[in-house]
Amino acid sequence: MISMYEIIMSLPLFKGTSKQQVSCFLEQTNIEFIKYNEGDTIVSAGEPCTHIKYIISGNALLSTTLHDGNVSFSQILDPYSVIMPEYLFGMHTAYPATVTAKGEVSIMQIIKRQYLDLLSSDPIFLINYINYLAYRAQIRMKIYQPLPMNSLSRWICSVAGNIADRHANNNTLTAQKNVLCTLFKITPEQLDSELSYLTDIDKAVITTDASDPGLLSIHLKF
């Protein structure tokens, strides 16, 4: 069985730590472990981010809506994911998305004040957090580079780049074709061309709903 030490040392913001560092962390930090069942809400969009939250076991669905609910984005967060830690500090500290449990999920969380103490206790914790924030900024630049300015394809990837987590899969943007045409003031033919471009550069797989051919599911790859 995997020990608590091994689990914590595998978490994104604890990479490179030693068993001694983790032991000290466990002694000095009030850690909460919370279990959720299928469909339970782990965090809600608009809720303030007051804790670092890790998925210890199970999977969670992150979902959010855009443009008055006409467009939705979702992804599956895998075990050892950290839930949107970039909203713990800064000017905007409310979660932009809702996260719900898919099956049984175990969460480990650390309150902001104690996580701040942890960041100042050893450079490895601070470096891991900075690296995470840097990755979030850099992935956005990476996905923008091959895409034309002011294009639907660029916007689709920007949505994913701003929300998606590196420990996530099934990144999917869903919308009606006519909604996307209206938003970007393009014709259905131009929409098809943009989506074909995303497919051609291996950035997405496009599917439609058999019961509603106008509903697009854009499964992003990056």
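## Overall make-up

How many helices and how many strands are there in the chain? The chain has seven helices and eight strands. The model is a predicted one.

Of the 222 residues in the chain, 43% are buried. The chain exposes about 11300 Å², and 54% of that area is supplied by carbon and sulfur atoms. Among contacts in the chain with a separation of 6 or more, 72% are between residues 24 or more positions apart.

## The largest pocket

The largest pocket holds about 210 Å³ of space. Its lining consists of Gln21, Cys24, Phe25, Gln28, Thr29, Arg113, Gln114, Asp117, Leu118, Ser121, Asp122 and Phe125. By type, the lining residues are four nonpolar, five polar and three charged.

Two helices, helix 2 (19–28) and helix 3 (112–121), each give at least two residues to this lining. Helix 3 provides the largest share, with five residues.

## Threonine 29

Threonine 29, one of the residues that line the largest pocket, sits in the loop between helix 2 and strand 1 (32–36). Is threonine 29 buried or exposed? Its relative accessibility is 13%, so threonine 29 counts as buried; the cut-off for buried is under 20%.

The side chain of threonine 29 comes to 2.9 Å from the backbone oxygen of phenylalanine 25. Phenylalanine 25 is also among the lining residues of the largest pocket. With residues up to four places away in sequence set aside, threonine 29 touches Ile110 and Gln114. Of these two partners, Gln114 is listed in the pocket lining and falls within the span of helix 3 (112–121).

## Histidine 51

Histidine 51 belongs to strand 3, which covers residues 51–66. Histidine 51 counts as buried because its relative accessibility is 13%, and buried means under 20%.

Beyond its neighbours within four places in sequence, histidine 51 is in contact with Glu32, Leu88, Tyr95, Gln109, Ile110, Ile111 and Lys112. Glu32 lies in strand 1 (32–36), and Lys112 lies in helix 3 (112–121). Ile110, a contact of histidine 51, is touched by threonine 29 as well.

Note on methods: Residues are numbered from 1 along each chain as its sequence is written. This is a predicted model: local features need pLDDT of at least 70, side-chain atom pairs count only at pLDDT 80 or more; totals for chains, interfaces and linings use all residues. Side-chain values use heavy atoms; hydrogens and water are left out. On a 1 Å grid over the protein atoms alone, a cavity is a set of points where a 1.4 Å probe fits but cannot get out, and a pocket is an open set with protein on both sides within 12 Å along at least five of seven lines; lining residues have an atom within 4 Å of a point. Grid points are joined across faces, edges and corners, and a volume is the space filled by probe spheres set on the points. Helices (H or I, at least four residues) and strands (E, at least two) are DSSP runs, numbered from the N terminus. Ala, Val, Leu, Ile, Met, Phe, Trp, Tyr, Cys and Pro count as nonpolar, Asp, Glu, Lys and Arg as charged, and the others, Gly among them, as polar. Buried means under 20% relative accessible area, exposed over 50%, partly exposed in between (1.4 Å probe, protein chains only). Contact means heavy atoms within 4.5 Å. A polar contact is a pair of N or O atoms within 3.5 Å; within protein, one must be able to donate a hydrogen and the other to accept it, and residues adjacent in sequence count only if both atoms are side-chain atoms. Accessible areas come from the Shrake-Rupley method with a 1.4 Å probe; for residues, only the protein chains shown count as cover.
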